[in-house]
Amino acid sequence: MTTRPSPASHRILTESVEMTVADGSRMGGFLARPAGPGRFPGVVVAMELFGVSAHVRDVCERLAADGYVALAPDLYHRDAPMIELPHDAAGRERGFELLHRMTRDHALADVRAAVDHLRTRGCARVGMAGLSVGGHVAYLAATRLDLAAVIVAYGGWIPGTDIPLGRPEPTLALTPGITGRVLVLVGAEDHVVPPDHRRAIADALRAAAVRHEIVEYPGVGHGFLCDRRDTFDAAAAGDAWRRVRELLAAELAEHGSKHGSKHGSDEGPVRSR
């Protein structure tokens, strides 16, 4: 376990953890939490294509500094435990190999194990944030699990069946199962989430009366939250983090909206800088 000061209000602790999944497999993960006493809400952080990388760990630490117990489960644990891939062509190639071995049932079981782990740590309310591939996992998990708030950061392939996560029917078809509030963050120039996919997601969320907001950043590409990529956009990332904090504070705090109920869309899709 390591401890470090935080520029935000909470000093944080970080540690490696291990969980048992329903299929009997053992799954590692990275956990960051406030160092002080008390009960805090939990957030499952679904990793990018590159694994539980330094960027994913940074996201967990930022959430912990804001007062959440943040857990990034190792979704590749069955094939390449705790692998951390480089942000280059070789890393993407290996990541896609692993992605195409990740089934829907496995991903849901892994997220459920992560949620259960947070519950055992006293997290009465749990949300989820997913990055890229993890955004797809977060959207999928929202359709099946009791998650008060879900952030889908440039989640790819949600309307299609290109990857095993989207089979047998597209993950988008499961949208009516979502009971929490959803925030979708995407760049207007994102090649992984093209305009027709964004429209389909917006239409599905609206039709299912899911409380949601879709924020599209003009001139911004895929992976804009990651300062290790050349697609990082500081302005978009700053606005996105503000919206994430507002959502989590509203839905995960003890005084937040009762989760597990639908109240219709906030204002439908929102596209703003």
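The structure holds zero disulfides. This is a predicted model, where local features need pLDDT of at least 70, side-chain atom pairs count only at pLDDT 80 or more, and totals for chains, interfaces and linings use all residues. Residues are numbered from 1 along each chain as its sequence is written, and side-chain values use heavy atoms, with hydrogens and water left out.

Me: What makes a disulfide here?
Reply: A pair of cysteine sulfur atoms within 2.5 Å. The structure has zero.

Me: Why is Cys60 called buried?
Reply: Its relative accessible area is 0%. Buried means under 20%, exposed over 50%, partly exposed in between (1.4 Å probe, protein chains only). So Cys60 is buried.

Me: Why is Cys123 called buried?
Reply: Cys123 has a relative accessible area of 2%, so it counts as buried.

Me: Why is α3 called roughly perpendicular to α4?
Reply: Helix α3 (residues 104–120) and helix α4 (residues 133–144) pack at about 75°, axes 10 Å apart. Angles of 65 to 115 degrees count as roughly perpendicular, under 35 as roughly parallel, over 145 as roughly antiparallel, the rest as oblique. Therefore α3 is roughly perpendicular to α4.

Me: Which residues in α3 meet which in α4?
Reply: Arg104, Leu108 and Val111 in α3 meet Val137, Leu140, Ala141 and Arg144 in α4. Contact means heavy atoms within 4.5 Å. The residues of this contact divide into five nonpolar, no polar and two charged.

Me: Where does pLDDT stay under 50?
Reply: Over residues 2–7 and over residues 255–273. pLDDT is the predictor's confidence in each residue, from 0 to 100. The chain averages 91.

How values were computed:
Axes are lines fitted to C-alpha atoms, for helices over the stretch in contact, and angles run from 0 to 180 degrees between N-to-C directions. Helices (H or I, at least four residues) and strands (E, at least two) are DSSP runs, numbered from the N terminus. Ala, Val, Leu, Ile, Met, Phe, Trp, Tyr, Cys and Pro count as nonpolar, Asp, Glu, Lys and Arg as charged, and the others, Gly among them, as polar.
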